[in-house]
Every structure is written in C-alpha cells, then in structure tokens.
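Please read the points below with the model open beside you.

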Amino acid sequence: MEEKKLFDGEYRFMELVWKYEPVRSMELARFCLEQLGWKKSTCFTVLKKLSERGFVRNDMAVVTAIVKREEVQRQESKAVVDKSFGGSLPAFVTAFLSDRKLTKEEARELRTMIEKAVE
C-alpha cells in the first residue's frame with residue numbers, strides 16, 4: 001500500500017475535512033479561515049494538492065476524504081516508532097510511560113489490545 005504522508009498544515013486541513021465531510025468547498029474555506037487563519041486561496045491550493053495526491057475528492061464542489069484518519073494515524077505512528085525507536089514498540093511504550101501513570105481503565109484497554117494483537 002502506498003504511504004500517505006501529510007505535512008502539519010495538510011493534517012490540520014484534513015482534520016476539518018474528516019470532521020465536516022461531506023462539506024461544500026466554500027464552507028470548508030470558511031472553516032479554514034475561522035479555525036486555521038487561512039485565506040480562501042490557501043485553502044483551495046491545499047485542497048487541489050491533496051486531491052491530486054489522492055487524499056480527498058472534490059466532486060461538484062463537495063469535498064470528501066478518500067483516506068481515512070485512522071490510516072494516516074497508523075502510518076504516522078509507525079513512522080515515529082521506526083524513526084525514533086528503531087522500530088521497537090516496547091522502547092516506544094517505555095519512553096511514553098516514563099513520566100506518567102496509567103489509569104486502571106487505560107491499563108485494561110492496553111491489555112485487551114495486546115491480547116488481540118497476539119492472537
């Protein structure tokens with residue numbers, strides 16, 4: 001599967017698409033102005049680039065996501081673990097938990113996820 005990488009500004013733009021889709025492009029431009037401080041031209045430039053790269057569809061001025069948030073998050077998370085922790089998930093978890101405590105509910109959820117991943 002082709003990697004779907006977003007830059008920070010593109011990710012913030014996609015957050016708006018994921019939140020409001022299907023959304024008319026002019027309404028999306030208004031959200032970009034209100035929430036990102038972007039001019040309409042910036043919004044439409046990013047929209048065009050992300051459409052060309054296969055992240056969104058702009059069909060008759062209605063914008064929808066082609067790539068789902070979970071897919072981008074999964075790839076971003078894997079990239080962080082690979083780059084910063086040599087691909088070691090235990091090293092990542094150790095670093096993540098080094099200065100915080102889990103609630104009992106969080107620990108239960110993590111145990112459940114680990115058990116499902118092992119099956």
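1. Two residues are said to be in contact when heavy atoms of theirs lie within 4.5 Å. The model discussed here is a predicted one.

2. With that term in hand, take helix α3. Which elements do the buried residues of α3 pack against? Their partners are the helices α1 (8–20) and α2 (25–36), together with the strands β2 (56–59) and β3 (62–65).

3. The residues of α3 that are buried are Cys 43, Val 46, Leu 47 and Leu 50. Looking down the axis of α3, these buried residues stay within an arc of 105 degrees, so they line one face of the helix. An α-helix has 3.6 residues a turn, so residues three or four places apart point the same way. On the other side of α3 are Lys 48 and Glu 52, both exposed.

4. After α3 comes Gly 54, which has a positive phi near 85 degrees.

5. Now the strands. β2 and β3 are paired antiparallel, with 4 bridges between them; in this pairing Asn 58 is opposite Val 63 of β3. β3 is also joined to β1 (residues 23–24), again antiparallel, by 2 bridges. There Arg 24 is the residue opposite Val 62 of β3.

6. Met 60, in the loop between β2 and β3, is not a glycine, yet its phi is positive at about 55 degrees. Ala 61 lies in the loop between β2 and β3 too, and has a positive phi of about 65 degrees although it is not a glycine either. Most residues other than glycine have a negative phi.

7. Ala 61, at 29%, counts as partly exposed.

8. Another backbone feature to look at is the peptide bond between Glu 21 and Pro 22, which is cis, with omega about -10 degrees. Pro 22 is in the loop between α1 and β1.

9. As for the whole chain, it has 6 helices and 3 strands, in the order α-β-α-α-β-β-α-α-α from the N terminus. Its radius of gyration is 18 Å, well over the 14 Å given by the globule rule for 119 residues, so the chain is more spread out than a compact globule. The C-alpha atoms fill a box of roughly 45 × 30 × 25 Å along the principal axes.

10. Of the 119 residues, 25% count as buried. The chain exposes about 8600 Å², and 57% of that comes from carbon and sulfur atoms. Among contacts with a separation of 6 or more, 56% are between residues 24 or more positions apart.

Key:
Residues are numbered from 1 along each chain as its sequence is written. This is a predicted model: local features need pLDDT of at least 70, side-chain atom pairs count only at pLDDT 80 or more; totals for chains, interfaces and linings use all residues. Side-chain values use heavy atoms; hydrogens and water are left out. Buried means under 20% relative accessible area, exposed over 50%, partly exposed in between (1.4 Å probe, protein chains only). The arc is that of the directions from the helix axis to the C-beta atoms. The radius of gyration is taken over C-alpha atoms; the globule rule is 2.2 Å times the number of residues to the power 0.38. Accessible areas come from the Shrake-Rupley method with a 1.4 Å probe; for residues, only the protein chains shown count as cover. Two strands pair if DSSP finds at least two bridges between them.
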